[in-house]
Amino acid sequence: LFLPKGSHPLDADDPRVPLLGSVGQPTPFVETRIVDDDGAQCPPGAVGELLIRTQQAMSFYWNNPDATRDAFRDGWYVSGDMAYADARGHIFLVDRRKDMIITGGENVYGSEVEEVLRTHPAVADASVIGLPDEKWGEAVAAVIVLHPDVITDAAALAAFCASRIAGYKKPRHIRFVDALPLLASGKVDKVQLREEGYPAS
């Protein structure tokens, strides 16, 4: 995927500014599809799973047939990325499929909730995960790092989210930490956050 020079805006008022959030369009000899859970092509703007087909990609995992079987579907590489495309084929990544939260039958992308939380003046960083819930299947949970010497509480942050996104997307549980655990890649270790579970009551 690439974003050609002509798609880069020259100033903040340029209507192409949103394209900077895109990972671009397929390069020559690369095919992409965005499909729903039934494998049907998603229309522009609809979120689905990104599939890729190209002669330049790997064909199997060495000595791991199970991983190979999971990684390919009818000759397409299953990226594990949830994404959507605009009418011109620019692809926008939304979240990793494994990080998608299903609560009460609704899909919630943690990255969307994280973006909202980071706009709160008290929040330095945030990570959103799904935790098991007897009623909803999964509950949206946020792990928050506050700016030094700033005070807020879980109820205020939940209300802040509810005023900006759908009610089912707002965090039902919020835990405050000094720092988020990171992987060697610099990404947040969401596996560790899930293992740590619910905030102490």
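Which residues line the second largest pocket?

1. The second largest pocket has Y84, L93, V94, Y109, S111, E112 and E115 in its lining. A pocket here is an open set of points on a 1 Å grid over the protein atoms alone, where a 1.4 Å probe fits, with protein on both sides within 12 Å along at least five of seven lines; lining residues have an atom within 4 Å of a point.

2. This is a predicted model, in which local features need pLDDT of at least 70 and side-chain atom pairs count only at pLDDT 80 or more, while totals for chains, interfaces and linings use all residues. Residues are numbered from 1 along each chain as its sequence is written, and side-chain values use heavy atoms, with hydrogens and water left out.

3. The second largest pocket holds about 150 Å³ of space, a volume being the space filled by probe spheres set on the points, which are joined across faces, edges and corners. Its lining takes at least two residues from each of β5 and α2, and α2 supplies the largest share, 3 residues. Helices (H or I, at least four residues) and strands (E, at least two) are DSSP runs, numbered from the N terminus.

4. In the largest pocket there is about 440 Å³ of space. Of its 17 lining residues, R96, D99, K187, V188 and K190 lie nearest the centre. Two or more lining residues come from each of β5 (91-96), α2 (110-118), β8 (123-133) and α4 (190-196); α2 gives the most, with 4 residues.

5. By class, the lining of the largest pocket has 11 charged, 4 nonpolar and 2 polar residues. The second largest pocket is lined by 4 nonpolar, 2 charged and 1 polar. Ala, Val, Leu, Ile, Met, Phe, Trp, Tyr, Cys and Pro count as nonpolar, Asp, Glu, Lys and Arg as charged, and the others, Gly among them, as polar.
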